[in-house]
Amino acid sequence: PALFRDDEDTFKILIATDIHLGYLEKDPVRGNDTFVTFDEILDHAQKNEVDFVLLGGDLFHENKPSRRTVHSCLESLRKHCMGDRPVQFEILSDQAVNFHHSKFPWVNYQDRNLNISIPIFSIHGNHDDPTGADALCALDILSCAGLLNHFGRSASVEKIDISPILLRKGRTKIALYGLGAIPDERLYRMFVNKQVTMLRPKEDEDSWFNLFVIHQNRSKHGATNYIPEQFLDDFINLVVWGHEHECKIAPSQNEQQRFYVSQPGSSVVTSLSPGEAVKKHIGLLQVKGKTMKMQKIALETVRTFHMEDIVLADHPDLFNPDNPKVTQAIQAFCMEKVELMLDDAERQRLGNPRQPEKPLIRLRVDYTGGFEPFSVHRFSQKYMDRVANPKDIIHFFRHREQKEKNDNDLNFGRLVSRPASEGMTLRVEDLVKQYFQTAEKKVQLSLLTERGMGEAVQEFVDKEEKDAIEELVKFQLEKTQRFLKERRTDAEEEKIDEEVRKFRESRKKNTEEEDEEVREAMTRARAHRSEDAVLVAASSDEELMDTGVKGTGDSDDGLPATLSRGRGRARGRARGARGQNSTARGSSQRGRGSTSRESATSSRTYKPVPAKNMSIMDGRPSI
């Protein structure tokens, strides 16, 4: 409408998330998919002349992206985001707080050495989160190069104060809040314990459009393995929710909190599940005053994904499990279905020459009722030249058969009847816990805890933290030894075993203490790795390349000392000091929009928003 015509008061923001650059980059067919689509996303930003691009995490698929992936990303950013077009909005907040972890703590377009036409703001996701002795992530490399503004990093594991980037264009003011990915259980507990505070500007707090970017589980994956929308503050106007791959970009209102939630979804199919089959979009968000409008933009370069389900038991006229040739009949039926899906894919592609030629096809076959699956490998050979994923076109599964419950008899065959891609995500720590719960008594843990061991194994697997398990074992062993010494336990094996068992049970009950143990062990592993790196530096530079140590991005290690001062604690510190200098620099040579010394010098202070009286019960999703 006329309200949102291009003028000096309207922000135009391109919104995308979960781009997963580098996903299947070695696949001969799908290897370039993520790079091509990222280029398309930035192309839309350029054509629509947006004020900035906002990304919701997981720009990269791997924590340590390959050289090819980083190079391709830099190529796209340099091609689309650098130029002479002036940036028309200014930053009013203290950028030293907003970008506290950066060596260049100011927005890239205000750097006099850079010529930025489209600024990009991004939080990190769970795939590209900070790790290593210096707690760096791939986004920090882009940030240091001046091609992207990484924000939303938490400086503490005890308490999170989310300080907004304050933006102004004409008479429209946006408070941009961001929170990079944090393990869901930990963040859930921090919300419940009122340890998460969103700071608000003291001046005219109701005149700001409050935009919050988050990268967490939105759908419930366990008791505390998600973040309920009800946990978020009700002064927010719009939440951009990353991590969930299903595209639900049209803003939907939370009836209880009254804010709107937009879930852009991923721009690439990373799992052959129903949510990924929904057409992929990005969003063009326009904000004027406190009013917003979200325009969906369909992505044209995304590989099409077609999915269907077959339940063999629903076709008794076609399939009889007692017929010796039933398997051949099932195979012929499946081939017929796949051919129809390929015809449908070809019809869709005719109208869009930018779409990749080979589609993704998934046929899920429920063979419950005495049927036998046929050879998937032989079936896939027929479609090698026509389908992008020939090896996993067919997925056979059986529904669990309802039997009498027997807690002592755990049937692993039933547990794995549905793979992770079909909605049940198997995590490393869950597998560790599951193993010890069902293991024989002689191989049960008697000193260590399953939770701690699971966390350490996850660090070892996901973050390549080679000392994680060793340090956890050492730490828990030392703690138990101290406990036994304090108790002055007699040197009898039975008494020692009993005391150790009691001590272990007490630690299992206190989850916060156990989390603290794991964090302490990971800190020691990091320190140990840093010492090794110093020792090795003189003899081999190459070995330094693999000093990746777990750093959750929540640690205080290695961050500037200025962090702890006045992060929005209403101490009367003048906000905008950094912004004043930067804005003056930004406007000196290339006319960076309407930035002015007068506007930047206005004092900005924040006040913490009082935490709501919250209990676990508040976490129930609204119906």
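**Strand β8**

I looked up which way the side chains of β8 point in this predicted model. T172, I174, L176 and G178 point one way. K173, A175, Y177 and L179 point the other way. In a regular strand, side chains alternate between the two faces of the sheet. Is β8 mostly covered or mostly open? I find it mostly covered: eight of the eight residues in 172-179 are buried.

Next I checked the partners of β8. Strand β7, residues 165-169, runs antiparallel to β8, and five bridges join the two. Within β8, A175 is the residue opposite L166. β7 and β8 make a hairpin with two residues between them. I noted G170 in that turn, where phi is positive at about 60°.

Strand β10, residues 209-215, also pairs with β8, here in the parallel sense and over six bridges. I took L176 as a reference point; its bridge partner in β10 is L211.

**Helix α6**

I tested the length of α6, residues 326-350. At 1.5 Å a residue, its 25 residues should span 36 Å. The end C-alpha atoms are 37 Å apart, which agrees.

Which residues of α6 are buried? I list V326, I330, Q331, F333, C334, V338, M341, L342 and A345. An α-helix has 3.6 residues a turn, so residues three or four places apart point the same way. I then asked what covers the buried residues of α6. The cover includes β16 (305-311), β17 (360-366), α7 (376-381) and β18 (394-397).

**H127**

In the model, H127 sits in the loop between β4 (120-122) and α4 (138-144). Is H127 buried or partly exposed? Its relative accessible area is 26%. Buried would need under 20%, and exposed over 50%, so H127 counts as partly exposed.

I listed the contacts of H127, leaving aside neighbours within four places in sequence. They are H20, D58, F60, H61, E62 and N63.

**Largest nonpolar core**

I went through the 30 residues of the largest nonpolar core; L59 and L77 touch the most other members. Elements that each supply at least two residues of this core include β1 (10-16), α1 (33-47), β2 (52-55), α2 (67-81), α4 and β14 (281-288). Which element gives the most? It is α1, with five residues.

Not counting residues up to four places away in sequence, L77 touches F38, L42, M82, I120, L142 and L147.

**Aromatic pairs**

I searched the whole structure and got 16 aromatic pairs. One of them is Y188 with Y226, a tilted pair at 6.1 Å centre to centre and 45° between the planes. Y188 is in helix α5 (residues 184-192), while Y226 is in the loop between β10 and β11 (238-242). The pair therefore ties together parts that are 38 residues apart in sequence. Both Y188 and Y226 are buried.

I also noted F374 and F379, another tilted pair. Their centres are 5.4 Å apart and the angle between their planes is 35°. F374 and F379 are buried.

Last, I looked for grouped rings. F11, F52, F89, Y109, F121 and F151 form one aromatic cluster.

Technical notes:
Residues numbered from 1 in each chain as written. Predicted model: local features only at pLDDT ≥ 70, side-chain atom pairs only at ≥ 80, totals over all residues. Heavy atoms only, no water. Buried < 20%, exposed > 50% of the residue type's maximum accessible area, 1.4 Å probe, protein only. Helix = DSSP H or I, 4+ residues; strand = E, 2+ residues; numbered from the N terminus. Pairing = 2+ DSSP bridges. Expected span 1.5 Å × (residues − 1). Contact = heavy atoms within 4.5 Å. Core = buried A, V, L, I, M, F, W, Y, C linked by side-chain atoms within 4.5 Å. Phe/Tyr/Trp six-rings, centres within 6.5 Å; stacked < 30°, edge-to-face > 60°.
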